[in-house]
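Hi everyone, thanks for coming.

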Amino acid sequence: MTSPSQKYLSTRGGSYGLSFEEVVLKGLAPDGGLFIPEQIPELPKHWESKWQNLSFAELAFEILSLYISTSEIPSSDLKDIIDRSYATFRAPETTPLVTLDEKNNLYLLELFHGPTFAFKDVALQTLGNLFEYFLVRRNKGKTGTDRHHLSVVGATSGDTGSAAIYGLRGKKDVSVFILFPKGRVSPIQEAQMTTVLDANVHCLAVEGFFDDCQDTVKALFADPEINEKLNLGAVNSINWARILAQITYYFHSYFSLKKSTTYKEGHKVRFVVPTGNFGDILAGYFAKRMGLPAEKLVIATNENDILDRFWKTGHYEKKAVHGVEAQGGIAADGAKAHEDGVKETLSPAMDILVSSNFERLLWFLAYEYAADAGMDDEWNKKQAGQEVESWLKELKSKGGFGVNEDILKYAKRDFESERVSDSQTVETIKEFYTAGPKGSYILDPHSAIGVAASKRSISRNSPADTHHISLATAHPAKFANAVDMSLKSEQGYSFDSILPKEFVGLESKERKIINVAKDAGWEGVRKIVQEEVEAELKGAR
Ligand SMILES: Cc1ncc(COP(=O)(O)O)c(C=O)c1O
Ligand SMILES: N[C@@H](CCOP(=O)(O)O)C(=O)O
């Protein structure tokens, strides 16, 4: 039987009752909304004792099974997909939990042991295998133009792109197009993406920022003609499977923490998450709503702080209306700012103006508000969809919107937020290199933002009975600029000593890049995608 948590709806109210396969292959709903399960599943009875000793892959199977009906993916197939996805990780625990500061009960959840050295691999290895599974099933016994061909389009500020490419390279019946902001991803990230020469991989360098790439991808999904013709698929965290696969590590790290000597029954756990597109922390929200005893989820933004401002004011505004000015020129604290409000920081993967997954949280907040009126569930869902649609319209037309006090109160119940500047990022990298209580640890700038926010949370909550799990989202070698800038004057520091063998010589390899003309617009990108898919199919058939 299919349960309500295994059926999906759109956050803007336009679709209900969709299957997991439909939402994974569609990516974005036709009304522009994001897919969410119709209900958040409850954990099985005695879940702690049943799950505490499971491996990462076994735990992933238990969690994914709550959201995917066996009538869609039989258990043995799901197990196989999951096992293959995590067999590519270098760490035996997949996502190890390491102690960063024992005295303060601060732990680092290392999420970067997958093929591209960033947390995105946890979900994108799985998504790549899910795409393949559905396509093999749909194409059984079919040849030529009868075969279902998926054209994946994704936007990246550096990490999603390479993780998606490594998850999909060489796979049959899939073409992958990754849009990245030219010159605004780190040199290693660019090399990781563009040195993959497989025929089904296409990297598009776009003049602009990550948000321009994300907007182009959303415009392509909103175009029914190209959707119909090319079967667009999403690899960004707009794809529900990305969020789903990330829920596992919240549970896994909780169990790892409980096995540590410092954890005692009744202690509280806080998760601190470097946040950009709100996908990673949203997985934590699902874990918490399912029943994981997380006291709070702490959002850690860089100077692109739309989320931090929302939690402080109840206003979700593209441009800062207080604090550091975001419009044009150099901001008061030294960050380079641009007319549209995006700043170039030392944590470029989080240089994001509008966080697309925030829409999913908004739906749950609006639903809760509607439920207070005491009407039936169908009415609550309809109200939530309408509310989200009107907020998103306002964001588009006026550049922002505000929510009422109750909605902000619900948001504050589960989340806190912190904004971390570039200078605080550098200080944190230095501190844990030179005086890390457990000795030297080199943080990447995104993980450092989480650690800086963790330290503030520790200062407000007694570390004796509150444990902080700070998510480490990338390997430091991906961000030479920030790491070198922070540590170049430290005795004994050498960047080469942290360079994984996979990165050695990468930057001098042959590359394949399509440069998108400045004035091409989303229609120009559509033309490129269309032509490349046609050429690829001609070659393959
Ligand atoms: C290294 C790194 N850290 C943190 C983030 C933020 O994650 P999210 O967008 O899921 O909030 C990203 C990308 O978005 C990233 O690449
Ligand atoms: N930081 C991301 C931006 C895209 O986010 P996603 O989670 O929606 O894919 C990146 O590295 O590309």
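Predicted model: local features only at pLDDT ≥ 70, side-chain atom pairs only at ≥ 80, totals over all residues.

Residues are numbered from 1 along each chain as its sequence is written, while chains are lettered from A and ligands numbered from 1 in the order in which they are written.

Okay, ligand 2. Who sits around ligand 2? Among them are Thr156, Ser157, Asp159, Asn236, Asn277, Gly279 and Ala349; near here means a C-beta atom, placed from the backbone, within 6 Å. By class, that shell has 1 nonpolar, 10 polar and 1 charged residues. Nonpolar covers Ala, Val, Leu, Ile, Met, Phe, Trp, Tyr, Cys and Pro, charged covers Asp, Glu, Lys and Arg, and the others, Gly among them, are polar. The largest share of the shell, 3 residues, comes from helix α6, residues 159-168. Helices (H or I, at least four residues) and strands (E, at least two) are DSSP runs, numbered from the N terminus.

Now helix α11, residues 279-290. Its 12 residues should span 16 Å at 1.5 Å a residue, and the end C-alpha atoms are 17 Å apart, which agrees. The expected span is 1.5 Å times one less than the number of residues.

Is α11 enclosed or open? Well, 10 of its 12 residues are buried, so it's largely enclosed by the rest of the structure. Buried means 20 or more other C-beta atoms within 10 Å of a residue's own, exposed means 12 or fewer, and partly exposed is in between, with C-beta atoms placed from the backbone. The buried ones include Ile281, Leu282, Tyr285 and Phe286.

Most residues other than glycine have a negative phi. His46, though, has a positive phi near 55°, and so does Asn105, at about 50°. His46 is in the loop between β2 and α2; Asn105 is in the loop between β3 and β4. Which is buried and which is exposed? His46 is exposed, with 8 other C-beta atoms within 10 Å, whereas Asn105 counts as buried, with 26.

Last, UniProt lists residues 7-86 as "domain: Threonine synthase N-terminal", in an unreviewed entry. In the model, that span is 45% helix and 8% strand.

Note on methods
UniProt positions renumbered as here; feature names shortened; annotations may be inferred.
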